[in-house]
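This explanation leads the reader through a structural model, one part at a time. Please keep the sequence and the three-dimensional view at hand while reading.

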Amino acid sequence: QLVQSGAEVKKPGASVKVSCKASGYTFTDYGISWVRHAPGQGLEWMGWISGYNGDTKYKEKFQGRVTMTTDTSTNTAYLEMRSLRSDDTATYYCARDHDTQADYWGQGTLVIVSA
Amino acid sequence: DIVMTQSPLSLPVTPGEPASISCRSSQSLLDSDDGNTYLDWYLQKPGQSPQLLIYMVSSRASGVPDRFSGSGSGTDFTLKISRVEADDVGVYYCMQRIEFPFTFGPGTKVDIK
């Protein structure tokens, strides 16, 4: 099970940190992908982090503005996004991701960026 | 980045009838090192998180009815629903995971006629 933090409303230029707490499996055996769904758009893969050693892979458009981290003591993954813009308004999902599939997904966190 | 395309983008269906969605990738999703092809299918039902349907082209995820099947190779893939049910409505996405960044297709919206 993956349980995400609650909805956020942020002003342009601010930062947001979304959490994703995992349970029911060995956190370090799997990675976590982050995917967002903007209104009226399709799904967009943002990046992946290893639950084992924290290695990350980011989509280039997010490089430098997004940081994915994990805390293995609490089995929690985090997505931090800085310099928010209105087009970052979206629902952000975490998903347990190993080599062949993203099989469990969080419930989603709505982030609204508005002045 | 690998570009994923899907057709059709909208698919009205009749309950009990079959349905088919096509997905194409801009390059082969076959990993020559391990022989696996890394193509997933996901369904996002209205108001819900995406859910995994099919992984590695044709393997059904746990709990997915056998009405759903995946096929294809290389750059051309198909998701078939043998008999559509009302609960199958939503947006279907294919996604490649052979290389980073993973990329999704634009989605196919399936609704009932």
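Strands are DSSP runs of E with at least two residues, numbered from the N terminus.

The model is predicted, so that local features need pLDDT of at least 70 and side-chain atom pairs count only at pLDDT 80 or more, while totals for chains, interfaces and linings use all residues. Residues are numbered from 1 along each chain as its sequence is written, chains are lettered from A and ligands numbered from 1 in the order in which they are written, and side-chain values use heavy atoms, with hydrogens and water left out.

With β4(B) it pairs in the antiparallel sense over 3 bridges; two strands pair if DSSP finds at least two bridges between them. Within this pairing, Tyr42(B) has Leu52(B) as its bridge partner in β5(B). The hairpin of β4(B) and β5(B) has 6 residues between the strands, and Gly47(B) in the turn shows a positive phi of about 75°.

Strand β6 of chain B covers residues 59–60, and its pairing with β5(B) is antiparallel over 2 bridges. Ser59(B) in β6(B) is the bridge partner of Tyr55(B). The loop between β5 and β6 of chain B also holds Met56(B), whose phi is positive, about 45°, although the residue is not a glycine. Met56(B) has a relative accessible area of 23% and therefore counts as partly exposed. Most residues other than glycine have a negative phi, and most peptide bonds are trans.

Two peptide bonds of chain B are cis. The bond from Ser7(B) to Pro8(B) is cis, with omega near -10°, and Pro8(B) lies in the loop between β1 (4–7) and β2 (10–13) of chain B. The bond from Phe100(B) to Pro101(B) is also cis, with omega near -5°; Pro101(B) belongs to the loop between β9 and β10 (103–104) of chain B.

Pro101(B) is one of the residues touched by Gln96(B), and others include Ile2(B), Tyr38(B) and Phe102(B), not counting residues up to four places away in sequence. Touching, or contact, means heavy atoms within 4.5 Å. Gln96(B) is found in strand β9 of chain B, residues 90–96. Because its relative accessibility is 0%, Gln96(B) counts as buried. Its side chain reaches the backbone nitrogen of Ile98(B) at 3.0 Å, and a polar atom of that side chain of Gln96(B) lies 3.3 Å from the backbone oxygen of Glu99(B).

The next topic is the interface. How many residues does each chain bring to the contact? Chain B gives 17 residues and chain A gives 23 residues. The area buried between the two chains is about 1,600 Å², of which carbon and sulfur atoms give 66%; buried area is the accessible area (1.4 Å probe) that two parts lose on being put together, summed over both. On the side of chain B, Pro50(B), Phe100(B) and Phe104(B) lose the most area to chain A, together 31% of what that side buries.

The rule finds 1 salt bridge across this interface, a salt bridge being a side-chain nitrogen of Lys or Arg within 4 Å of a carboxyl oxygen of Asp or Glu. Asp97(A) forms a salt bridge with Arg97(B), and their closest N and O atoms are 2.7 Å apart. Strands β4 (39–44) and β5 (51–55) of chain B each supply at least two residues of the side that touches chain A. Strand β4(B) gives the most to that side, with 3 residues.

In chain A, Thr91(A) has its place in strand β9 and is buried, with a relative accessible area of 18%. Thr91(A) and Gly108(A) are 17 residues apart in sequence and 5.8 Å apart in space, C-alpha to C-alpha.

Notes
Helices (H or I, at least four residues) and strands (E, at least two) are DSSP runs, numbered from the N terminus. Buried means under 20% relative accessible area, exposed over 50%, partly exposed in between (1.4 Å probe, protein chains only). A polar contact is a pair of N or O atoms within 3.5 Å; within protein, one must be able to donate a hydrogen and the other to accept it, and residues adjacent in sequence count only if both atoms are side-chain atoms.
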